[in-house]
Each structure stands twice: as structure tokens, then as C-alpha cells.
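Trainee: I'd like to learn how to read charged pairs in a model. Could you walk me through it?

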Amino acid sequence: ITIEINESFSIDLRTSAMLNAGRTLKEALVNAHADGRVTVGVYECAKIMNDDPDSVAFCVLATDDAFQCDVALQIHFTLIQAFCFDNDISIVRVSDTQRLAEIVGDKSGDLEDAHCVLITNPAEGSWEDPALEKLHLFCEESCRLNDWVPEITLPER
């Protein structure tokens, strides 16, 4: 969506929304990580989804150059996406696995596990995370525009 104000100035609302969503995603991940509500890794996330799907608040899938060549990972992503759709879990995609790993605290250099990150719901009686609420709204709006798994650009350090 682009709004042209005059011939030399236009605003791409979708790009602006993606940049804001990137900052909001980072904030939600940092908050959830501080509260111990982050699960990292495709298999670890699949286990949480299988054991307690109601505990999952948000899902992030991260791709990188190797994703195009990794058929098993593509199949896992397809299954995770289907599970999220079936269970009304908001889901986004990011294209920087390394940056996602840095945000969620994986400093070991083993970035393979950062392809999937889940944020679980806060404990009963605790405050809801405003960043997570903004992300849910972003995902709802994206779905309304037929962008079922929106891609978000994470901000640099």
C-alpha cells in the first residue's frame, strides 16, 4: 500500500508497518526471554505445541540461505504453519536466523536451532505484553490482506 502525497514524496505503509512490526517483535522476544517464556528449536517447539498447544502465544519461523536446500526443514515449517493456523496461533516469518538467535540469547553460534521460536503465554494473573498484543493485531491485519505468514524484518542491533 503506497500513498503518494505529491510526485516526489510517497509513503509505503506496508514497509512502515513491517519496520514497526520488527521492533515490536524484538521487544516481545526480549520480554518473553526475560520471563522465561521462549522456546527455541524446531523439535523443542513441536514438542511444546503437541503437549500444550494452549500455552503457545506466538510463533516465529526463521529462514536463511540453507532453507531453500533443506527439504526436511521446509516440511517442518509447513507442518508448524498448519498447526498454528488450526490452533489460532499468530505466526510470522523472519529472514535473519542469526539475528533472531542473537535476540533470544543463543550466543553459542549453533544457529540451526533458531529456525523456530515460540513465545508462550504469560502466567495467570500476570500482565499481558503490549508488544505481543500489537503483533497479534499485525498478524490479523496481514491475514485480512491474504498474507497468511507475514515476513517481518528484525531491526539491527
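Predicted model: local features only at pLDDT ≥ 70, side-chain atom pairs only at ≥ 80, totals over all residues.

Trainee: What can side chains of opposite charge do when their charged atoms come close?

Mentor: They can pair. Here, Asp51 and Lys47 do that, with 2.7 Å from N to O.

Trainee: How far apart are Asp51 and Lys47 in helix α2?

Mentor: Four residues, so about one helical turn separates them. Helix α2 covers residues 42–51. Lys47 is exposed, because its relative accessible area of 52% is over the 50% cut-off.

Trainee: Which helix holds both Glu102 and Arg99?

Mentor: That's helix α4, residues 97–103. Glu102 and Arg99 sit three residues apart there, about one turn of the helix. Their side chains form a salt bridge at 3.3 Å, N to O.

Trainee: Is Arg99 buried or exposed?

Mentor: Buried, since its relative accessible area is 7% and the cut-off is under 20%. Glu102 also counts as buried, at 18%.

Trainee: And what about Asp35 and Arg37: what distance, N to O, goes with their salt bridge?

Mentor: It's 3.6 Å. Asp35 counts as exposed at 54% relative accessibility, whereas Arg37 counts as buried at 8%.

Methods:
Residues numbered from 1 in each chain as written. Heavy atoms only, no water. Salt bridge = Lys/Arg side-chain N within 4 Å of Asp/Glu carboxyl O. Buried < 20%, exposed > 50% of the residue type's maximum accessible area, 1.4 Å probe, protein only. Helix = DSSP H or I, 4+ residues; strand = E, 2+ residues; numbered from the N terminus.
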